[in-house]
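Let's take a friendly walk through this model together.

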Amino acid sequence: MDVTAIFQQILNGLSIGSVYAIFALGYTLIFSILGIINFAHGAIFTLGAYFTYTLAGGAFGFNGLLANARLPFALPFFLALLFGSFLSGITSVLLEKIAFRPLRQRGSDPLLTLVSSLGAAVAIVNVIQYLVGAEIYTFPDTIYGNLPAAINFGTSDRPIAIRTVQIIIFLVCAVMVALLTYWVNFTRDGKALQAVAEDATTASLLGIDPERYIVITFFISGALAGLAGTLVGSSVSIAGPYFGIAFGLKGLGVIVLGGLGSIPGAVIGGLLLGIAEAFVPSEYSGYREAIAFAILFIMLLVRPQGLLGRKSIQKV
């Protein structure tokens, strides 16, 4: 493999790794404040893509309760993306009230919360399928305006062509990571969120309302999932109600690789996983899905806390 091909694969890996990073950030935020994995995150990812598709004027197929339905208006894609992400965040907040808060208030075992989130994921996916069927939906080619289909980062005789949508995904990831990092580390609400994540009881004694910041965390997590789902849907397609499940499983590999609860770790883990997948030879592409789980297994053996994670301290 020559230098041009290597550079091409690195760029391809960074683009898909950006989606993994945005997705894993939602996992990381909830884990950092509640210490649990939200298995419904993949379903919110799927729901966000459907929200944006609907708001952008997309029509549904011949199956489901909403067969052949479409809204009487169509928003510009980027406006639909914002509203779709917002609705995903609201859905995540409702999920917290229904599936997480009752168990948390009763002091239930964290394992029950995992089961509850898994049940919520199955319910959301089945509701989507009941409403709009299992057809594949695609966004129009013109959603990004008159931008070229691909941009050449090489020369005319040694081209390194990257799809424009992949570049947009990478740039959106960079912006979201920068904004989230700034908010968490340099704003009053971000400091309060860190205090709740460190010790909710002590934070409440200092006048911080833990429940408020848990709701904020779920909203941001859901909005990020919806954003990632739409970006993937615009790049390939919305491959039915279950298309977020694979990303949910890969997200687990990303946060284990980067370190549970670490925002920089989620970003680095996502990019590394994307690059690793990009370098899988085409003849072995059927095994590409196993990369995330192989990395997860190796990391658990070698460094259980992840690249940027901290060892947990057992209090006795």
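**A walk through the helices**

Leaving aside residues up to four places away in sequence, Thr 113 touches Ile 36, Phe 100 and Leu 103, where contact means heavy atoms within 4.5 Å. Thr 113 belongs to helix H4, residues 110-132; helices here are DSSP runs (H or I, at least four residues) and strands are E runs of at least two, numbered from the N terminus. Its relative accessibility is 8%, so Thr 113 counts as buried (under 20% relative accessible area, 1.4 Å probe, protein chains only).

A word on the ground rules: the model is predicted, so local features need pLDDT of at least 70 and side-chain atom pairs count only at pLDDT 80 or more, while totals for chains, interfaces and linings use all residues. Residues are numbered from 1 along each chain as its sequence is written, and side-chain values use heavy atoms, without hydrogens and water.

Next, look at helix H1 (residues 3-34) and helix H9 (residues 243-258), which pack at about 80° with axes 9 Å apart. The two are therefore roughly perpendicular, a label for angles of 65 to 115 degrees. Among the residues making this contact are Phe 23 and Tyr 27 of H1 and Phe 247 and Leu 252 of H9.

Now find the loop between helix H2 (41-55) and helix H3 (77-105), where Asn 68 sits. Asn 68 has a positive phi of about 65°, although it is not a glycine.

Finally, the unreviewed UniProt entry lists residues 213-232 among its "transmembrane region" spans. In the model, residues 213-232 are 100% helix and 0% strand, with end C-alpha atoms 29 Å apart.

How values were computed
Axes fitted to C-alpha atoms, helices over the stretch in contact; angles between N-to-C directions. Parallel < 35°, antiparallel > 145°, perpendicular 65-115°, else oblique. Buried < 20%, exposed > 50% of the residue type's maximum accessible area, 1.4 Å probe, protein only. UniProt positions renumbered as here; feature names shortened; annotations may be inferred.
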